[in-house]
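Work through the exercises below with the sequence and the model at hand. Each task is followed by a solution in steps.

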Amino acid sequence: MGIDGGYVRAQSTQGWFEVIAGKSLLSFTRGEESQEPVSSKCFAFVQTVDQKPKRRLFEVLQSQGHQLNQQITFLSDGGDTVRELQLYLNPHAEHLLDWFHVAMRLTVLQQTAKGLPDQTRDEEEDCPLRDPVVRNLERLKWYLWHGNVYKALQVVQCIETDLDAAVANDGHATVRKLLKAVEEFHTYIENNRGFIPNYGERYRHGERISTGFVESTVNQVISNRFCKRQQMQWTPRGAHLLLQIRTRVLNSGWEATFREWYPGFRASPQHMAA
């Protein structure tokens, strides 16, 4: 199960509010979602409106034949809201940090590091700066890929020390920018250290390491209707209600739900075929 968050424009001057969206796959092996048939269900809700998110998740899993003794694996981007939500929904499940978001942050750091000066002035001598930082960022990515969080945090601290000294000596704008980004990444890894597996081992065994299948769900459920090419503004309750209809349509369950509300609705396709 993958969970991600998106933002919808609120009415008047309220700014934006967060919408949680996710997708549950009955099979967890990479690439199997492209093979038919694979059971997949999506769900979405506004957390400040939904009073029973656990119940909503249970119904999604129940519709896929999930048993209470079956293991669930959650993949998320590690954001505070999503991380707390998945722990609330099922604290005993396996919770993993999505590699895509880790790699994306590291790519930004590596691109910024290319703009560092070659050297920095340390008292009376010049010390290399860019090459050591670039090498340490590569080491950082390698350690995280293999799930060695302890060594990764040590490398982050080493990078922070080098950049902090460079800021104190010359105050280069790129150095300050990279230092701030590295400190934020340090906090990100520290907060999610318990959710970082050995990505390389999982990848070699064909297991999922990213939430790419959720990104498409976010686009289907949230972006196309609420954000992209739309100028509408929403109340949290209005968005929540429309999300329930949208997910039922995507899960091919809207007609059955409508028939429960209106028993006189047209006969189901199975009855017509009979």
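Helices here are DSSP runs of H or I with at least four residues, strands are E runs of at least two, and both are numbered from the N terminus. The model is predicted.

**Exercise 1.** Count the helices and strands of the chain, then describe its burial and contacts.

Solution. 
- Step 1: Applying the run lengths above gives 11 helices and seven strands.
- Step 2: Take residues under 20% relative accessible area as buried; they form 41% of the 274 residues.
- Step 3: Among contacts with a separation of 6 or more, 60% join residues 24 or more positions apart.

**Exercise 2.** Locate the largest pocket and characterise its lining.

Solution. 
- Step 1: The volume of the largest pocket is about 390 Å³.
- Step 2: Its lining has 16 residues, with Glu-59, Val-60, Ser-63, Arg-248 and Asn-251 nearest the centre.
- Step 3: Strand E3 (40-45) and helices H1 (53-63), H9 (236-250) and H10 (254-261) each give two or more residues to this lining.
- Step 4: Sorted by class, the lining holds five nonpolar, six polar and five charged residues.

Note on methods: Residues numbered from 1 in each chain as written. Predicted model: local features only at pLDDT ≥ 70, side-chain atom pairs only at ≥ 80, totals over all residues. Heavy atoms only, no water. Buried < 20%, exposed > 50% of the residue type's maximum accessible area, 1.4 Å probe, protein only. Contact = heavy atoms within 4.5 Å. 1 Å grid on protein atoms, 1.4 Å probe; cavity = no way out; pocket = protein on both sides within 12 Å on 5 of 7 lines; lining within 4 Å. Points joined across faces, edges and corners; volume = space filled by probe spheres on them. Nonpolar A, V, L, I, M, F, W, Y, C, P; charged D, E, K, R; others polar.
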